[in-house]
Amino acid sequence: PAGQSYIKRVDITVLPGGSFMVSATNQPPPRADYLILTNHGTVVLEGTSFSTWIYDPPALARVINEDTGRIEIRNGMELSAAIVNRGTVVTTAGSNTATIAGAVQNSGLFELLSGVVYAGSGFHQTGGTTRIEGGTITTTLDVGIGFRVAPLTILGGSVTGSGTLSGSANFPVTNAGTINLG
């Protein structure tokens, strides 16, 4: 499309002690057919109205956060990728909604400090901790002509804090872990 660059495949590895930042506001991103971002250091994704590196399908875009990795998603970033988290993901959306179009798979620490995280292809926790310190993690989004819904499953680990987990009538929250939200 006009005004966009095109990249066939993107493989990015952030080494321990390294950092990588995407900061954007209302600008067209580069388009890629395939993206793998593997993080062992620190990744900061910041901005609004930014669909990162790939549009469709998000199944071809993966952000893999390893045990030593830390990812910060700030200011309602729209991330058109799946996240596999074994390290730490911290989200501060403020009054915005951080959209993660692909599935979130958590076995590390997933922390929401403010705002809403919408996991468009589901939120699945097999271990670790999800900490909600104000705000909501949801798999339901009103798109104006109806709702998009996906599963929200806690198969292990714990969910703690003072926020909300929100499923839907079609995909209620499935829990086989520990949920302690107050």
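1. Contact here means heavy atoms within 4.5 Å. By that criterion, residues 24 or more positions apart account for 41% of the chain's contacts with a separation of 6 or more. The model is predicted.

2. Start with the overall make-up. The chain has 21 strands and 0 helices. Of its 182 residues, 46% count as buried.

3. Next, the core. The largest nonpolar core holds 32 residues. Leu 45, Ile 73, Phe 110, Phe 123 and Ile 137 have the most contacts inside it. Several strands each supply at least two residues of this core, including S1 (6–14), S3 (31–39), S4 (42–48) and S5 (61–65). In soluble globular proteins, nonpolar side chains tend to be buried together.

4. Look at Phe 110, one of the core residues with the most contacts inside it. Residues up to four places away in sequence are not counted here. Phe 110 touches Asn 85, Val 89, Thr 91, Ile 100, Val 104 and Val 117, among others. Its partners also include Phe 123, Thr 129, Thr 130, Arg 131 and Ile 137.

5. Then turn to Glu 111, in strand S11. Is Glu 111 buried or exposed? Its relative accessible area is 13%. Buried means under 20%, so Glu 111 counts as buried. Leaving aside neighbours within four places in sequence, Glu 111 is in contact with Val 89, Val 90, Thr 91 and Arg 131.

Technical notes:
Residues numbered from 1 in each chain as written. Predicted model: local features only at pLDDT ≥ 70, side-chain atom pairs only at ≥ 80, totals over all residues. Heavy atoms only, no water. Core = buried A, V, L, I, M, F, W, Y, C linked by side-chain atoms within 4.5 Å. Buried < 20%, exposed > 50% of the residue type's maximum accessible area, 1.4 Å probe, protein only. Helix = DSSP H or I, 4+ residues; strand = E, 2+ residues; numbered from the N terminus.
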